[in-house]
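User: Got a model for us to go through. Can you put it up?

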Amino acid sequence: MATRPVEIGPAGLHTARAIEHIRLVRGLTQHQLAARCTALGRPMTNTALSRTERARRRCDVDDLVAIASALGVPPTTLLLPLPSVSSDDRRGC
């Protein structure tokens, strides 16, 4: 009997979008981020990273910690919703 893969839920979808968003803000390609993860001891290909960002591959906790470290952010940054920016906050930017 074949088993169905577990679907990626809302937290996983948010994390996938957060990884891509922060990677782009940092000006990194998927290849560069994957190479940083590999250098940190968590081997990762750019294909695996691409699939993670597109929510086609689950991001396990070890991947999450390595990606966060490679991006220079705490893992919670990738898990929690981004804070909304009010119009008052934008004036200070």
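User: What is the mean pLDDT?
Analyst: This is a predicted model; local features need pLDDT of at least 70, side-chain atom pairs count only at 80 or more, and totals for chains, interfaces and linings use all residues. Residues are numbered from 1 along each chain as its sequence is written, and side-chain values use heavy atoms, without hydrogens or water. Mean pLDDT (the predictor's confidence in each residue, 0 to 100) is 88, and 85% of residues reach 70 or more.

User: Where does pLDDT stay under 50?
Analyst: Over residues 85–93. The model has 1 contact (heavy atoms within 4.5 Å) beyond four places in sequence for that stretch.

User: Switching topic. How many helices and strands?
Analyst: 6 helices and 0 strands. These are DSSP runs: H or I of at least four residues for helices, E of at least two for strands, numbered from the N terminus.

User: How do H1 and H3 pack?
Analyst: H1 (residues 10–25) and H3 (residues 46–53) pack at about 120°, axes 7 Å apart. Axes are lines fitted to C-alpha atoms over the stretch in contact, with angles from 0 to 180 degrees between N-to-C directions.

User: Which residues make that contact?
Analyst: Ala16, Ile19, Glu20 and Arg23 of H1, with Leu49, Thr52 and Glu53 of H3.
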